[in-house]
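Hello,

Here is the structure I promised to pass on. Have a look at it first, and then read my notes below.

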Amino acid sequence: MRITEEIANINYNETKQFFKKRAERFKEDNPYSVTMYQDDNQELVRERNQKEVDKLLPLLKLQKESRVLDVGCGIGRWADALPEYIEAYCGVDFSGELIEIANRRNKKENFFFYEGATNEIERVLKDKEKGTYNTVLIIGNLVYLNDEDIDISLRQIERICEPHAIICIREPIGIEDRLTLKDFYSEELEDNYNAIYRTRTELMNFFEGSFLEKGFQIQREGFLFDEDKLNNRKETAQYYYILER
């Protein structure tokens, strides 16, 4: 069902099953479609990925001392884009099936992938003795979290950031209204889909209560894609924020 404006929770078990099925559709010749979808349009997947990386990667200001945390890393799409010279990379995702693929694909010695929920990110990193980070990626992850868990997750992420840190958030947002897809059957995906598309105002409220009150400032923000052919949704669009303290 489609729910506009109202707050409605999605079921995480349904989302886990969805990504388990997505993992089963993994193909070496079109790997990123697992989490970017568009199974039958490999060129669109490739172009969207490249445009995203080209725009956001320079804004991370990576150097040898960079320690990157990738929250909701999927199969390691962004890990593929990061240089091997950084000090460390840690990718975390709540889908064990996606993490299994990420570990199988990973060829970089100082890159690691772990299964864990976003709202338990502190515990996951503590268990793995992975410390703190000066660069954080949150790419297309918040759309799968209910409101209460976004607040919990962002506060945890702020606490594992070093005093000087950059956070890159890229999310699909509701252009005019909040939109929740709850057990919504997608013909494109051939499965039920659950996601919450929040407005920019809603996301800013979450940032105020977590990052901004702890010294982060928004350095840049805007729509990710300029090209019409890469924006093929009427109600939602990809949006990004770069926060730094």
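Let me start with strand β5 (residues 133-139): seven of its seven residues are buried, so the strand is largely enclosed by the rest of the structure. Buried here means under 20% relative accessible area, with a 1.4 Å probe and protein chains only. Strands are DSSP runs of E with at least two residues, helices are runs of H or I with at least four, and both are numbered from the N terminus.

A word on the source: this is a predicted model, in which local features need pLDDT of at least 70 and side-chain atom pairs count only at pLDDT 80 or more, while totals for chains, interfaces and linings use all residues. Residues are numbered from 1 along each chain as its sequence is written, and side-chain values use heavy atoms, with hydrogens and water left out.

Back to β5. Strand β2 (residues 67-71) runs parallel to β5 and is joined to it by four bridges; two strands pair if DSSP finds at least two bridges between them. In this pairing, Val-71 stands opposite Ile-138. Strand β6 (residues 161-174) is also parallel to β5, with six bridges, and Thr-135 has Ile-166 of β6 as its bridge partner.

β7 (residues 179-186) and β8 pair over six bridges, and Leu-179 stands opposite Tyr-197 in β8.

Best wishes

Terms used
Buried < 20%, exposed > 50% of the residue type's maximum accessible area, 1.4 Å probe, protein only.
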